[in-house]
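Subject: Structure for you to look through

Dear colleague,

I am handing over a structure that I would like you to read through with care, and below it I have written out what was found in it. Please keep the sequence and the model open side by side while you read.

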Amino acid sequence: MRHLPFPLVCTVLAVSILSSGCLEKPPVFQSEVDQPEQPAFPQLETLPVPPEEEDFYLFSQRLVDLEVPTSIAERLTHGSLNANMRKFPYPYRGMLAFASDIDDTTPEEFAEYHRFLNTKEETPNGTGVGLDIGDSLWMYMCNDRPNITDRSGKGLEGVMTYFDGADPTKKRYANEIKHYFQKGWIDSMHTFGDFSRKNVKDVCFKRQLAVKAWEEMIQEGITPSLWINHGNEANVDSFGAYDPNRFSRYQAGDDPTSPAYHTDLSLKNGVHFVWNSVGESRYGQDSPLFPIRLRDGQKIWGVHRYTHEVVNGKNDWTWVPREVHRQLTAERLDRLAEQGQYAILGQHFGGYNIGFPFDEKGVAALRLLERYQDQGTILVARTSRLLQYAVAYQHVKSAVVEHIGETWINITAIDDPLFGPQPLTLDAVRGLTFYVEKPERTHLLVDGKPLPPELYQVNQADQSGRSSIGIRWFPRDVHDYSYQNQDENAQ
Ligand SMILES: [Zn+2]
């Protein structure tokens with residue numbers, strides 16, 4: 001390491017946040033060695049830092065100040081709800097996700113439309129829009145209907161399911177599904193599979209299929225946090241809206257007395273969110289979450305999902321790809337930003353046998369959405385990230401201590417009222433943003449540990465006139481993860 005040029009040594013150390021040893025040239029660091037009692041940033045205002053180096057200076061200051069002053073360390077452990085949170089990561093004013101059901105999607109269709117949605121590649125349908133859009137998975141296929149699922153005429157055997165049919169000893173598209181889950185193009189489960197039947201009394205699903213599915217998923221690291229109900233009354237593994245007097249009376253996944261019971265396993269294995277089959281015509285929501293008490297006594301977050309309009313008293317479903325231009329209008333996106341709301345849009349991107357699912361109007365609408373994100377108005381996130389963020393935003397506890405002209409903020413907990421304190425991983429706190437008077441003099445800690453400087457996001461005043469500091473959102477990832485490119489992905 002001695003032979004490395006100075007800047008490279010610095011970069012290595014800065015990235016690993018191990019030491020401030022490389023930053024020995026500016027005098028402030030030397031003086032700190034000599035005077036360990038000095039408070040943090042003691043000479044900030046008098047140090048001659050050229051404006052063009054200010055960013056680096058602040059960066060290095062944060063790097064060097066890994067030690068929390070002992071005089072405030074204790075106070076920083078007492079977190080509470082913080083009234084000065086910004087609702088969305090700066091500069092965004094609203095957040096939007098697509099929640100797409102995997103119904104009748106072949107692997108070829110999946111790769112084709114996600115390449116357009118998630119990458120900036122040149123595709124036969126134009127440059128991709130490069131948005132963070134996830135999808136759902138199926139482990140099994142037990143549908144006995146004669147569906148034609150793609151343009152080449154494939155039946156249900158062509159659909160991307162993990163296992164072959166309903167046989168957990170035979171794999172079908174396991175590699176594809178595992179790959180897409182790891183890369184983020186899949187982040188939810190559309191129940192365990194397609195159990196729709198011609199005769200809804202001829203039920204195929206049973207608990208043993210759930211046991212086998214979870215065994216495999218846990219072993220392969222496929223752990224979706226969102227469950228989306230599917231299909232007709234034969235899909236008895238559905239849950240979350242059971243009502244003996246309504247259509248949803250078939251839902252039995254949370255009934256401990258039913259042979260279809262599985263929510264003991266599913267919640268334990270990480271499912272924290274459910275779309276309970278109740279479609280909604282309301283687009284924006286102040287919160288995407290509402291608590292549901294299941295029949296086995298457990299609680300889970302229900303998810304608001306926009307699915308349809310109501311026209312002359314009838315449901316006009318817009319959760320199909322040829323209607324995406326009605327889901328994404330400038331008027332709707334403007335209103336979402338004005339109201340400061342979340343929207344989760346139901347879709348069935350691959351549900352038809354029409355080839356590339358978006359027509360000209362749909363492509364234009366998706367480009368419009370990309371512009372709203374590029375302009376800093378609407379943040380598009382895969383559904384699991386949006387939901388995890390909403391839990392964190394609503395239930396984060398932090399301690400804020402002012403100390404010698406600086407602000408110290410320690411995130412002490414994400415106190416999920418249904419699932420208890422959540423692990424304080426980086427992903428769990430990404431995007432959290434605090435209004436502060438002097439973001440350039442604010443330290444962020446997570447569970448008492450200083451946040452690495454490259455994760456700081458210092459924000460100027462927004463529409464409210466207040467400046468803020470936040471933890472950087474996930475970096476934009478427009479890599480082409482199409483399964484046929486997996487060799488390239490591995491490099
Ligand atoms: Zn479905």
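Predicted model: local features only at pLDDT ≥ 70, side-chain atom pairs only at ≥ 80, totals over all residues.

Residues are numbered from 1 along each chain as its sequence is written.

Some terms will come up throughout. Helices (H or I, at least four residues) and strands (E, at least two) are DSSP runs, numbered from the N terminus, and two strands pair if DSSP finds at least two bridges between them.

S3 and S19 belong to an open sheet of three strands with the order S18-S3-S19 and parallel pairing. Strand S18 (342–347) and strand S19 (378–380) are at the edges with a single partner strand each, so one side of each is left without a neighbour in the sheet. On average, and with direction ignored, neighbouring strands of this sheet are turned by 25° against each other; the axes behind such an angle are lines fitted to C-alpha atoms, for helices over the stretch in contact, and angles run from 0 to 180 degrees between N-to-C directions.

As for the chain in general, it has 14 helices and 27 strands. Its average pLDDT (the predictor's confidence in each residue, from 0 to 100) is 88, and 85% of the residues score at least 70. Over residues 1–49, however, pLDDT stays under 50, and for this stretch the model has 34 contacts beyond four places in sequence; two residues are in contact if their C-beta atoms, placed from the backbone, lie within 7 Å. Of the contacts in the protein chain with a separation of 6 or more, 72% are between residues 24 or more positions apart.

Of the 491 residues of the protein chain, 43% count as buried. A residue is buried if 20 or more other C-beta atoms lie within 10 Å of its own, exposed if 12 or fewer, and partly exposed in between, with C-beta atoms placed from the backbone. Leaving aside neighbours within four places in sequence, the contacts of methionine 95 include Tyr342, Ile378 and Leu386.

Helix H5 (residues 107–118) has 12 residues and reaches 16 Å from its first C-alpha to its last, close to the 16 Å expected at 1.5 Å a residue, where the expected span is 1.5 Å times one less than the number of residues. Because 11 of its 12 residues are buried, H5 is largely enclosed by the rest of the structure. Strand S4 (122–123) and helix H6 (174–183) are among the elements that cover its buried residues.

Strand S20 (residues 396–403) and strand S21 (residues 406–416) pair in the antiparallel sense over eight bridges, with histidine 403 opposite glutamate 406. Two residues lie between the strands of this hairpin, where isoleucine 404 takes a positive phi near 50°. S20 is also joined by two bridges to strand S1 (residues 80–81), and these run antiparallel; serine 80 has serine 398 as its bridge partner. Within S21 lies threonine 412, which is buried, with 21 other C-beta atoms within 10 Å. Threonine 412 and leucine 76 are 336 residues apart in sequence, yet 8.2 Å apart in space, C-alpha to C-alpha.

By contrast, glutamate 440 lies in the loop between strand S23 (433–435) and strand S24 (442–446), and this glutamate 440 is partly exposed, with 15 other C-beta atoms within 10 Å.

Finally, six strands form an open sheet of mixed pairing in the order S6-S10-S12-S13-S15-S14. Its edge strands, S6 (136–137) and S14 (289–293), each pair on one side only.

With best wishes
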